[in-house]
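Dear colleague,

Here is the structure I said I would pass on. My notes on it follow below.

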Amino acid sequence: MANITEAEIRQIVENIIKGNSASAKKYTSVSYEGRTLLGIYSDMNEAIDAAERGYRAVRSMTVEQREKIITEIRRLTIEEAAVMAEMGVAETGMGKVEHKRLKHILVAEKTPGTEDIVSEAKTGDCGLTLTEMAPFGVVGAITPSTNPSETVICNSIGMIAAGNGVVFNPHPGAICVSNYAVDLVNRASRNAGGPEILVCSMDKPTLESASVMQSHPKIRLLVCTGGPGVVKAVLSSGKKAIGAGAGNPPVIVDDTADIRKAAKDIIDGCTFDNNLPCIAEKEVFAFSNIADELIGEMKRCGAYMINAEQADALSKIVLEEKTNKAGKTVKTVSRACVGRDADVILAKIGINVDKNVRCIICETDFMHDFVQHELMMPILPIVRVENIEQAIELAVKAEHGNRHTAHMHSKNIDHLSAFAKAVETTIFVKNAPSYAGIGFGGEGHTTFTIAGPTGEGITSARSFTRRRRCVMADNFRII
Ligand code: NAD
């Protein structure tokens, strides 16, 4: 046998390990099945420079060319929806593959394109004034782990339609699938005759790279989709910012509702992608005289009822106590439970059920942690109320002033109007699952960036524009 040195043995072992991990890892934040993803950088400054080149390219295009790229983004998103859905669940451990696939198709079909950009003309004795929706330039976008690739594609369509360039700082926990979506947008651009790198992202996004983005002079607009921490950070940046923050959507069910339908709609909405969407039903306020019937119907729809003791035990697992910077003890949701299947969560308190269980329900009082915290998992607390006044008072308090989303099941238009007025949310859904509010089984366009705090609401291309006025005095009227 030939002599073999220690260094050679080390090399052979390294090669085997590398080979194994490469075949085990189908994707990374910079590659997919060995193909290098387009538009991914290691340095935020370089990513911004590349996004600026993308912006220059978009600016020099006709609207028709921009729309061609968007059409191709839509096509590829539908074609590759299943890939992104599977990758999203595998990478984050959260959500449901089939629901994530549907979310991508929704984004592809119902995110507005260039048709959303409209000009206004005002004519009068003094002539003509034209107002146009102009791009900001390069947009810095921060995206969440809960709808990662959906948000990247939805933001890209709207921002490109508006004529901007985009650089993303995606959630580190969903970086592979987010960057896959960035690459998809770039492939669409290349296929449609646009630049190969139109939108950009980071291989390892961090709070530091987000901070470089927030203070970079070439970034003209920040768009942030995430929890309260990041929204606060971008709103303190000194730049124009669109903040799409947290919600805790309450649902009221009164005694005029179609109870069977209400139960089905609530469970369908609450369990969609395992409750990850910020709009999903998070707590129910049910009139006492229909509460038992509602619970019975929910059970028929795949809900599993736990008792008060079990709810308290579960609460200690799904919420973790941490000490914040001010030295105060705060409860935060356990990342190991967010977006997990109901049976997986139940197993944590020793309850073994099969996969058909879609949702965990329980009766609680108003102050219970399940009511007060945005859990983002299929756990639904139900609080009994005596009348509409009490229902509205508690539901408004549970929403915590986010003014994000609220739901109601009722046939009493006075009740419906009273709650809508009191809760002041960006989205208010009547007699339907929560996802009807973002165009899934409801009218209107979709978005995965719902900007309550800064007021743009259900964002679309026009949200990413600045108004510019051009005045022609005395002339250009035709009457
Ligand atoms: P998250 O807040 O943990 O992260 C969101 C993004 O912000 C990530 O990219 C993260 O890396 C970044 N980030 C966090 N702190 C930051 C800071 N100080 N500076 C810069 N960047 C920072 O959110 P998540 O868990 O991925 O998503 C869930 C949260 O987002 C929920 O609260 C949900 O309601 C909210 N959300 C809101 C919308 C909406 O449209 N309003 C949509 C999706 C999610």
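The charged end of Arg187 sits over the ring of Tyr180, at 5.6 Å from the ring centre. Please keep in mind here and below that this is a predicted model.

Tyr180 also takes part in a helix contact, on the side of H7. The helices concerned are H4, residues 81-92, and H7, residues 175-191; their axes come within 8 Å and cross at roughly 155°. An angle over 145 degrees counts as roughly antiparallel, and H4 and H7 are therefore roughly antiparallel to each other. H4 contributes Val83, Met84, Met87, Gly88 and Glu91 to the contact, while H7 contributes Ile175, Cys176, Val177, Tyr180, Ala181 and Leu184. By class, the residues of this contact are nine nonpolar, one polar and one charged.

On the aromatic side, the structure holds six aromatic pairs. One of them joins Phe285 and Phe366: the centres are 6.3 Å apart and the planes are at 45°, a tilted arrangement. The two residues come from distant parts of the chain, 81 residues apart. Phe285 belongs to strand S12 (residues 283-287), and Phe366 to the loop between strand S16 (359-363) and helix H14 (369-372). Both Phe285 and Phe366 are buried. Separately, Phe272, Tyr435 and Phe440 form one aromatic cluster.

Two backbone values may be worth a look when you go through the loops. Asn274 has a phi near 55°, which is positive in a residue other than glycine. Asn274 is found in the loop between helix H10 (259-271) and S12. With a relative accessible area of 1%, Asn274 is buried. Arg403, likewise not a glycine, has a positive phi of about 55°. Its loop runs between helix H15 (388-398) and strand S18 (405-409). Is Arg403 buried, exposed or partly exposed? Arg403 counts as partly exposed, at 43% relative accessibility.

The last item is Thr62, in the loop between helix H2 (44-59) and helix H3 (63-79).

Regards

Technical notes: Residues are numbered from 1 along each chain as its sequence is written. This is a predicted model: local features need pLDDT of at least 70, side-chain atom pairs count only at pLDDT 80 or more; totals for chains, interfaces and linings use all residues. Side-chain values use heavy atoms; hydrogens and water are left out. Axes are lines fitted to C-alpha atoms, for helices over the stretch in contact, and angles run from 0 to 180 degrees between N-to-C directions. Helices (H or I, at least four residues) and strands (E, at least two) are DSSP runs, numbered from the N terminus. Angles under 35 degrees count as roughly parallel, over 145 as roughly antiparallel, 65 to 115 as roughly perpendicular and the rest as oblique. Contact means heavy atoms within 4.5 Å. Ala, Val, Leu, Ile, Met, Phe, Trp, Tyr, Cys and Pro count as nonpolar, Asp, Glu, Lys and Arg as charged, and the others, Gly among them, as polar. Rings of Phe, Tyr and Trp (its six-membered ring) pair if their centres lie within 6.5 Å; planes under 30 degrees apart count as stacked, over 60 as edge-to-face and the rest as tilted. Buried means under 20% relative accessible area, exposed over 50%, partly exposed in between (1.4 Å probe, protein chains only). A charge sits over a ring if NZ of Lys or CZ of Arg is within 6 Å of the ring centre and within 35 degrees of the ring normal.
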